[in-house]
Amino acid sequence: MLETERVGYLFADAREMYEDAMEMLDQRRLRNAADKAWLATKRATDALILARTGEEPRTSGQTMRMIRQLRRQDPALETLRRKYGYRQSFLHGACFYDGILEPEDDIIADVRETLDYIQEAEAMAQV
């Protein structure tokens, strides 16, 4: 698969994971919604990194390291880097792994804001 095709695939997969997260919200399955939103975040960030560097991270740790490196080259990525770290800690760590599902309104808002994150990553991938 060509690099540009892979970037498109990753962004499409991120949107699919977002749709799955919204479906989980509709079913009131917050833990699963948080996990799907996290997966969408990771995939969108990986697509951005691949578009910018030609390398696709495999783990969330590699993704964090690479988004930090990119931020040093382009300070405009700082907001996205912070959002990635927050989402990794809250959606993935606290909600999914630890089962902390309160405050519910915050989880719902974060899941819904995943689409904004994907769109921001897509825009930054075009730079």
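**View 1. The largest nonpolar core.** The largest nonpolar core has 40 residues, and Phe11, Leu48 and Val111 have the most contacts inside it. Such a core is a set of buried Ala, Val, Leu, Ile, Met, Phe, Trp, Tyr and Cys residues joined through side-chain atoms within 4.5 Å; buried means under 20% relative accessible area, exposed over 50%, and partly exposed in between (1.4 Å probe, protein chains only). Helices H1 (3-26), H2 (30-53), H3 (60-73), H4 (78-97), H5 (104-112) and H6 (114-125) each supply at least two of its residues, with H2 giving the most, 11. Helices here are DSSP runs (H or I, at least four residues), numbered from the N terminus.

This is a predicted model, so local features need pLDDT of at least 70 and side-chain atom pairs count only at pLDDT 80 or more, while totals for chains, interfaces and linings use all residues. Residues are numbered from 1 along each chain as its sequence is written, and side-chain values use heavy atoms, with hydrogens and water left out.

**View 2. Around leucine 48.** Which residues does leucine 48 touch, leaving aside its neighbours within four places in sequence? They are Phe11, Ile67, Leu77, Leu80, Ala121, Met124 and Ala125, where contact means heavy atoms within 4.5 Å.

**View 3. The buried side of H5.** Here we pick out Ile107, Ile108, Asp110 and Val111, the buried residues of H5. They sit on the same side of the helix, because they cover an arc of only 165° around the axis (judged by the directions from the helix axis to the C-beta atoms). Their cover includes H1, H2, H4 and H6.

**View 4. Arginine 43 meets aspartate 13.** These two side chains form a salt bridge at 2.7 Å, N to O; the term means a side-chain nitrogen of Lys or Arg within 4 Å of a carboxyl oxygen of Asp or Glu. Arginine 43 belongs to helix H2 and aspartate 13 to helix H1, 30 residues apart. Both are buried.

**View 5. Arginine 28 meets glutamate 104.** Another salt bridge joins this pair at 2.1 Å, N to O. Arginine 28 lies in the loop between H1 and H2 and glutamate 104 in helix H5, so parts 76 residues apart in sequence get tied together. Glutamate 104 is partly exposed, with a relative accessible area of 35%.

**View 6. A charged network.** Arginine 81 and glutamate 78 pair up in a salt bridge (2.7 Å, N to O), and both are buried. Salt bridges with shared partners link Arg71, Glu78, Arg81 and Arg82 into one network.
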